[in-house]
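This report covers the sheet, the helices packed on it, and the nonpolar cores. The sequence and the structure are shown first.

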Amino acid sequence: MKSTIKSSADISLLFSQGKRFSTPFLTVIVLKRNNQHDHELLHGRVAFIAGKKSGGAVWRNGAKRRMRALAYDLGGPWEGYDVVFLARTPILKASYSKVSKACEKALVKAGIVQSAS
């Protein structure tokens, strides 16, 4: 996935202005991008964050790997949106299908993904 948000300023903007959708396993922060004149801004971008407070390097790497897989499986990055996936401690303890369903529900609430069912 090449459309990753890397700038700390962009991530700060998402944290301050984005809309949050929480699940027991992760929080999804979404911000619709408004600049229609810049074609580069139309492409969606994503970021994956696993904080040090939740676990060590092994846990953080596993959490980010799982979130990247979720984003890919659910069709991300989504055109016209910046999305941050913020891991919570139970993300690696639950089954992938359970986390995937919860993540899909959050993205449906955000209006990014159409419900599969």
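In this predicted model, a hairpin of three residues links S1 to S2. The two strands run antiparallel and are joined by four bridges. Within this pairing, Arg20 has Ile29 in S2 as its bridge partner.

On to the pairing of S2 with S4. These strands also run antiparallel, with seven bridges between them. Lys32 has Tyr81 in S4 as its bridge partner, and Val30 stands opposite Val83 in S4.

The four strands form an open sheet in the order S1-S2-S4-S3, and the pairing is mixed. Strand S1 (19-22) and S3 are at the edges; each has a single partner strand, so one side of each has no neighbour in the sheet. On average, neighbouring strands are turned by 20° against each other, direction ignored. As for S2, six of its seven residues are buried, so the strand is largely enclosed by the rest of the structure.

| Helix | Strands | Angle |
|---|---|---|
| H3 | lies across S2, S3 and S4 | about 140° to S4 |
| H4 | touches S1, S2 and S4 | about 25° with S2 |

Nonpolar side chains tend to be buried together in soluble globular proteins. Here, the largest nonpolar core has 29 residues. Those with the most contacts inside this core are Leu26, Trp78, Val83, Phe85, Ile91 and Ile112. Two or more residues come from each of strand S2 (26-32), strand S3 (45-49), helix H3 (57-73), strand S4 (81-87) and helix H4 (96-109).

Which residues does Ile112 contact, leaving aside its neighbours within four places in sequence? They are Val30, Trp78, Tyr81, Val83 and Leu107.

One backbone feature remains. The peptide bond joining Gly76 and Pro77 is cis, with omega of about -5°. Pro77 is placed in the loop between H3 and S4.

Terms used: Residues numbered from 1 in each chain as written. Predicted model: local features only at pLDDT ≥ 70, side-chain atom pairs only at ≥ 80, totals over all residues. Heavy atoms only, no water. Core = buried A, V, L, I, M, F, W, Y, C linked by side-chain atoms within 4.5 Å. Buried < 20%, exposed > 50% of the residue type's maximum accessible area, 1.4 Å probe, protein only. Contact = heavy atoms within 4.5 Å. Pairing = 2+ DSSP bridges. Axes fitted to C-alpha atoms, helices over the stretch in contact; angles between N-to-C directions.
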